[in-house]
Structure formats: C-alpha cells, structure tokens
Amino acid sequence: MNGAFEDPLQPFFDRQGVVVLDGGLATELERRGARLDGPLWSAKVLAEAPELIEQVHYDYFAAGADVATTATYQASFEGFAAQGIGRRRAAELMRSAVGLARQARDRFWEDADRRRGRNRPLVAGSAGSYGAYLADGSEFTGNFDLSVAELVDFHRPRVELLADSGVDLIAFETIPCAGEAEAIVRLLDQIEAPPAWISFSCNSPEGVCHGERFADCVALAQDSDRVLAVGINCSPPRLIDDLLRAARSRTTKHLLCYPNSGEKWDAVARGWRPGEDAIDWPGESVRWYESGARLIGGCCRTTPERIAEIAAVMRGL
C-alpha cells in the first residue's frame, strides 16, 4: 500500500555516519519532579506539565541528539480509556505529544549557533509494545496472549494518528517477542505511514525477552521497505555488543541500540533496582559502533549529560 519515500536518516549518515538518539524521557521527567505513578507513565505528563516535556526534548537536542522520541510510549486509546479519558481527548493528547517535540525542535533550530554542523533533527513517534499498555512489565516478558492479527489491530489506530500528526519516523519500542514484530511489519505494509524502526527488549546475549532468538526477530523485518532500522532498547548495556554481532548476518537494515542505564525495572514495586556497575558510555558507544550500530542513544535512566557524551565521541569518529 505504501509508495516510495525518502529515507529521513540518510542525510545524517551522509554528513556524520551516525544518528545520535535521545535518552530516557519518562525517567528524565521524573528526575525533574514529574510524578509518573499510574499506568499512563509519561503520557500522564502530557496533561499535567506539557512544558516540562518540551524542555526535556529541547535539552536532548542541545546535548547533541538528532532525534526526539515522543511521549507516547505508554499512550494508547485503550490505556487512556481505562483511566476514564475518552477517545477524542486521548487523540488530542497524543497529537500534543508530537507537537511538543516539533516545538522543541523548532526552538532549537532557530538558534544559528545550534544549527552549525548539524542536520535539522527528526521527530520519532513512540509506539510502545502492547505490554506497555498493560503496565505490568509485560514489555519485558512478552507474556500476553494475543494473536498477530489482534496485535495489528491494537497498534493500528495509534500509529495512524502519529503518522497523521507529522512525525518523521515511527519508533516501535521495547518489543519483547517475534509475534509482535511480525504484527508491526504486517501493519506497516497495510497503512500509509512514515518509515519506522523496531527495537526489541532483550535479556540475554542471544535472545529477546520472550525467548526467541534476537537474530531471528531482526530477520522478520528484512523484506519490509518501511522498516529502516532494527535493534535493541531498554536492555542492559552488557548485552548490546553480542546482540549487535548476532544481528549483522541476518539483516541489511541499519542497526540501532539505546540501552537503559543497567538498572532493572521492578514492575511490582514500580521502581528501579540496582543493576550493573557504572557504564563508560563514550567507550561503550564506540564498541557498539564497531559492532555495527549506526543509531546510538540511551533509554531509561539515561540523561542529557549521557547523550552529550555519546554525541561528542560519535561525531569525533
């Protein structure tokens, strides 16, 4: 159904060979005082403190990020409805998330000094896993009993809304299983939408969280013209190098990685537990680049300061 399109990532590769992604949005909002209790997570802040979301996007651009990922990861019509928010208001909130990212980009781009040596940043519409809507940690297990067709139906309305709101890309994030990846590829072949990336949650050097081999999951998107990049997000940094190497023989897509800080999410206590020792983000980013990643950033518990470190070393390669 989709026709030809221009690859929005290519100008960045042409200029600097890499795309620097942003860092954690929800956890950065929380660090700045936002309350993320409840199943809507960062989507809750869309109604309560939109100016804070816009500022976080801006700060990531200023740190060197080439992409802002919208505050829609845990936003869905079903999730809003469960909190008593009707479909019309839910759509307004999701569109506002795109507007905030675009507003931050425009504000950043108005400064000629900021523009020097940079491409105009992109806005990626975040579409979290079905498990994120459940708000029970299922995006880190894949233990949800839906068919591929049912998962297509779940993702369709939100992705169509994001596409209509002016995003440059769709970011399918924290996908824990092969079935959901198959649903995403099928959906992208059915609708008019911008190109996308698919990033998986992984819990071993070979596998996604549900247990399938990561390399096999990556291969599911190989024949889709709409998927530009595949990779890993919100997974421990120590796994990234092996996962990237495993993927290289199964895809010609761009590889991406934006791991979390190494801490572990406790879905029951709804908090972070200590994980890995301190991460050498500049050094690890170079390793990930050498292992094939061309889109590199951070996920939960990473900050603009971490993205600035990544950007500095990536643009110095």
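Two rings of Phe, Tyr or Trp (for Trp, its six-membered ring) count as a pair if their centres lie within 6.5 Å. With that in hand, let's walk through this structure, which is a predicted model. A search of the whole structure turns up ten aromatic pairs.

Let's visit one of them. The ring centres of Y58 and F108 are 6.2 Å apart, and their planes meet at 70°. Planes over 60 degrees apart count as edge-to-face, so that is the name for the pair of Y58 and F108. Now find the two residues along the chain: Y58 belongs to helix 4 (residues 50-63), while F108 belongs to helix 6 (residues 87-109). The pair therefore ties together parts that are 50 residues apart in sequence. Are these two residues buried or exposed? Y58 has 12% relative accessibility and counts as buried, and F108, at 1%, counts as buried too.

Elsewhere, the ring of F77 has the charged end of R87 over it, 4.0 Å from the ring centre.

Next, look at Y133 and F154. Their ring centres are 5.6 Å apart and their planes are at 35°, so this pair is tilted. Y133 lies in helix 8 (residues 130-134) and F154 in helix 9 (residues 148-164), so here the pair ties together parts that are 21 residues apart in sequence. Y133 is partly exposed, with a relative accessible area of 25%, whereas F154 is buried at 6%.

Strand 6 has a partner in strand 5 (residues 196-200): the two run parallel and are joined by five bridges. I198 stands opposite V230 of strand 6. To get from strand 5 to strand 6, the chain passes through helix 11 (residues 214-219), and this β-α-β crossover is right-handed.

Strand 6 also pairs with strand 7 (residues 254-258), in the parallel sense and over five bridges. Here I232 has C257 in strand 7 as its bridge partner. Together with helix 12 (residues 237-248), strand 6 and strand 7 make a right-handed β-α-β unit.

Terms used. Residues numbered from 1 in each chain as written. Predicted model: local features only at pLDDT ≥ 70, side-chain atom pairs only at ≥ 80, totals over all residues. Heavy atoms only, no water. Phe/Tyr/Trp six-rings, centres within 6.5 Å; stacked < 30°, edge-to-face > 60°. Helix = DSSP H or I, 4+ residues; strand = E, 2+ residues; numbered from the N terminus. Buried < 20%, exposed > 50% of the residue type's maximum accessible area, 1.4 Å probe, protein only. Lys NZ or Arg CZ within 6 Å of the ring centre and 35° of its normal. Pairing = 2+ DSSP bridges. Right-handed = clockwise from strand over helix to strand, strands pointing away.
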